[in-house]
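Please open the model in your viewer and keep the selection tool at hand.

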Amino acid sequence: MSPRKAPRPGLVLDVDASTPPVLFHHGENFRMEKLPVGRSRIIYPAEPLRGLIDPDQAIRDALENPIDSEPLRALMTADMKLTIAFDDISLPLPPMRKPDIRQRVIEAVLDIAAEVGVDDVHIIAALALHRRMTEDELRHAVGDRVYDAFAPSGRLYNHDAEDPDGMTHLGTTNHGEEVQISKRAVDSDLTVYVNINLVSMDGGHKSTATGLSGYTALRHHHNVDTMQKSKSFMDPPNSELHTKNWRQGDVIRNAGVKIFQIETTINNNTFGETGPLSMLQKREWEWTGRDRAKFLAMQGGLSYMTPSARRKVFHSWKAPYELTSVQAGEIEAVHKVTTENTFAQHLVPVEGQTDIMTMGLPYISPYNVNSVMNPILVAVLGLGYFFNLYRGKPLVREGGVLIMSHPTPWDFNPVHHPSYIDFFEQVLADTTDPHEIEKKYEKQYAEDEWYRHLYRTSYAYHGVHPFYMWYWCSHALQHLGQVIIVGGDPKAVRRLGFRPASTLQDALEMATDTVGPQPTITHYHNPPMLMADVK
Amino acid sequence: MTAVSNYRAKVSQRLAGTEVPLVGKLRKPLQALPFPYTAPTVPQTVEAPEKQSVTGTNFPTDWARTEPARRTRAVLIDTMVRPVMAGLAQPTKRGMDRLHGLEGPAVFAANHHSHVDTPLLLSSLPMPWRHRVVIGAAADYFFGTRVTGVLSALVIGAIPIDRTKISRASTDLARDLIDEGWSLVVFPEGGRSPDGWGQPFRGGAAFIAQRTSVPVVPVHIEGTGRILRKGKSTPTPSRTTITFGEPMYCDPDEDARAFNDRIEARVAELADEAMTNWWDARKRAHAQDTPLLTGPQTATWRRVWELDADRPRRNGPKSRSWPK
């Protein structure tokens with residue numbers, strides 16, 4: 001095997017006459033687009049950082065030498081109540097190849113617990129108001145050994161934020177935000193939280209204050225006002241969402257809940273350096289003949305497949321992510337290191353804002369793993385996630401235009417997203433104004449008994465979840481002058497309040513209504529993940 | 001009228017040398033297709049990517065050691081190469097008994113006169129080495145193009161070896177294969193003899209054997225230069241002799257250079273044995289009087305003269321040939 005070259009940092013390319021057409025993700029397909037010469041630029045992500053050579057040893061080292069904490073072994077006693085909570089199916093994206101990092105970390109923690117002789121151990125998927133994980137998904141995350149040892153006896157389970165006996169109210173912050181988390185975590189002598197940091201938004205107090213929480217606490221920061229003040233929520237120091245989570249974290253700590261945080265970062269190796277999708281993380285002018293042949297063959301094959309077959313193929317992809325760092329100990333000290341490590345992979349320095357930002361949205365978002373990417377999730381992936389992947393100031397200027405490429409089908413998974421269907425049909429048909437939606441409809445959906453029942457017993461996202469998705473778009477909606485979706489279902493796009501366009505050229509033409517002639521354009525070549533450090 | 005004027009235009013283009021060739025005409029519509037149907041252009045502000053050559057030492061040969069390729073090669077060697085060599089080279093094999101105690105992979109190091117050496121040695125190797133052996137072949141010659149690379153890898157199980165230097169890629173590949181149980185045939189002279197005499201041995205075989213702690217089996221091939229010497233394209237049938245020597249191990253305190261000298265000396269002794277007889281060759285070896293493989297260091301014509309004078313004749317009457 002040839003030694004890997006040192007990874008190159010991200011790149012901002014000024015488009016010239018020799019720039020080949022650029023790849024746009026387009027759901028379960030792709031588009032190759034030419035950008036106007038002389039006024040366009042493309043931001044390419046950094047190449048994958050090298051993974052740790054021995055991840056298991058690195059994990060053991062982190063547990064033995066934690067930051068601002070005693071070693072994990074010293075925190076355990078035989079007669080203690082131990083809870084291990086872990087990030088749910090929304091991380092990482094796409095799901096990673098086996099063994100999942102969570103499995104490695106949980107096995108290392110359990111090894112120590114077994115050595116100490118701890119009997120009372122519970123393992124909880126910290127999914128807040130997300131859908132429950134299926135057995136297959138749990139097995140993939142924690143591994144068969146852990147699943148078989150704990151799940152049959154009911155000691156490995158999904159968090160249930162609507163269980164009246166399973167949640168504990170811990171008080172309020174000095175800003176009046178209520179704090180409520182899992183009763184098991186509160187009653188435990190130690191809660192070990194196992195995190196995967198895909199983006200800088202993840203981790204820290206958000207792991208427990210959100211992941212093990214419920215609607216009572218979440219509504220204090222998952223709201224329009226907080227989102228519009230978070231600029232951006234990918235930049236924790238400037239994120240109101242994080243500020244509120246941190247305040248709630250203080251209340252949890254002051255209530256005596258002891259948490260040992262284990263955070264991990266992964267590299268950008270989303271599509272692999274070899275294999276059928278490797279060209280998707282290469283710069284276009286570096287595509288070899290084999291890359292082009294693979295791409296053309298893939299597009300040819302996809303054109304003969306039904307949407308559901310295409311979805312099945314793409315969702316079967318497991319990313320060969322590698323662990324780049326692991327740190328454990330006190331939440332805030334750990335998270336500081338984690339954030340730096342995440343930025344080391346993702347940040348790309350960019351000079352100045354742009355009039356038009358373009359992006360190709362892929363087939364997956366945090367909320368449609370093994371599911372349909374419905375129009376609301378298309379909106380939140382573009383306006384909530386990708387738009388907010390900046391530090392400093394937004395990549396697109398205030399009043400600018402965002403052009404997204406995605407088929408945006410009028411299609412929902414009724415098992416996973418039942419309340420999304422009603423939200424789309426009833427709420428968005430009435431208004432797209434986040435403030436009005438929040439005021440008029442949120443409570444009704446959040447407290448709906450049927451949605452609550454589906455969340456607790458089926459595999460449905462909570463009734464209030466589509467509202468949160470729309471709120472996550474609210475900073476972008478407030479900032480942008482216009483949103484255009486290329487290649488989307490026109491009816492679905494209009495329902496979202498956006499403008500449909502058939503081609504990128506049409507969309508650029510339409511954008512001039514808002515930003516004037518000869519606008520500057522910046523394309524976000526994502527995924528693999530990148531974050532613009534805008535000066 | 002139009003046809004006539006078209007014809008005249010074509011003739012004038014041809015006379016002026018501006019006519020577009022047929023290949024160009026066919027390629028033109030393809031070039032009009034956009035990326036990714038055609039190769040991408042490189043933006044002016046970035047450095048053009050380094051082209052990773054898939055020929056030479058980078059030529060992939062893993063596929064040629066898969067079970068189907070191995071079986072294909074074994075069938076080719078046993079049903080085609082061996083009969084052809086039996087007719088063309090009429091080989092006499094000597095010293096096979098010296099390999100009786102040998103187990104596991106080994107490096108076979110032989111002198112090199114002709115392209116016939118490879119198929120002859122490959123078909124003459126005893127089992128089990130015959131079907132689990134790779135040939136160290138000049139990367140620049142045998143793997144210079146994809147076609148020759150594929151044929152070399154499939155038919156003779158060749159792996160690319162950089163003959164200009166001991167390259168890391170070549171030695172790593174050879175070491176990995178030996179670790180996997182493959183034996184290796186190397187021609188340490190680095191190329192065919194230009195004049196019938198041998199060339200100094202290069203250190204690759206000794207270096208690999210030293211690093212992998214496997215024995216080197218010295219081999220001398222006599223007579224293939226008469227069949228198809230360098231520069232000749234039509235083979236002439238002739239008798240050949242292949243002499244295998246005792247497996248040699250690198251001493252713990254011996255460096256690769258000294259080991260290489262020992263291998264070269266041993267092949268020279270085998271050459272002497274093939275040309276004369278074992279007893280005389282042994283006596284000269286003990287007296288350190290074994291003729292060098294590289295021949296006398298004199299004028300070119302005298303080297304050729306000397307070569308012909310000493311060779312036993314099996315094909316027709318003894319005669320001298322003037323240098324050509």
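The domain bounds used on this tour come from an automatic or database domain assignment. The model is predicted, and local features need pLDDT of at least 70, side-chain atom pairs count only at pLDDT 80 or more, while totals for chains, interfaces and linings use all residues. Residues are numbered from 1 along each chain as its sequence is written, and chains are lettered from A and ligands numbered from 1 in the order in which they are written.

**First stop: the two domains**

Select residues 11-47 together with 347-534 of chain A for domain 1, then 55-266 of chain A for domain 2. The C-alpha centres of domain 1 and domain 2 of chain A are 28 Å apart. Between them, 30 residues of domain 1 of chain A are in contact with 26 residues of domain 2 of chain A; two residues are in contact if their C-beta atoms, placed from the backbone, lie within 7 Å.

Next, colour the elements of domain 1 that face domain 2. E15, H14 (434-446), H15 (449-457), H16 (465-472) and H17 (474-479) of chain A each supply at least two residues of that side. Helices (H or I, at least four residues) and strands (E, at least two) are DSSP runs, numbered from the N terminus. This side of domain 1 of chain A has 18 nonpolar, 8 polar and 4 charged residues. Here Ala, Val, Leu, Ile, Met, Phe, Trp, Tyr, Cys and Pro count as nonpolar, Asp, Glu, Lys and Arg as charged, and the others, Gly among them, as polar.

**Second stop: paired strands**

Select strand E20 (residues 531-534) of chain A and strand E13 (residues 347-350) of chain A, which run parallel and are joined by 4 bridges. Two strands pair if DSSP finds at least two bridges between them. A:Leu347 stands opposite A:Met531 of E20(A). A:Asp533 in E20(A) is the bridge partner of A:Arg391.

Select residues 375-386 of chain A, which form helix H12.

**Last stop: the chain interface**

Show chain B: 15 residues of chain A are in contact with 11 residues of chain B. On the side of chain A that touches chain B, H9(A) gives the most, with 3 residues.

Technical notes
Expected span 1.5 Å × (residues − 1).
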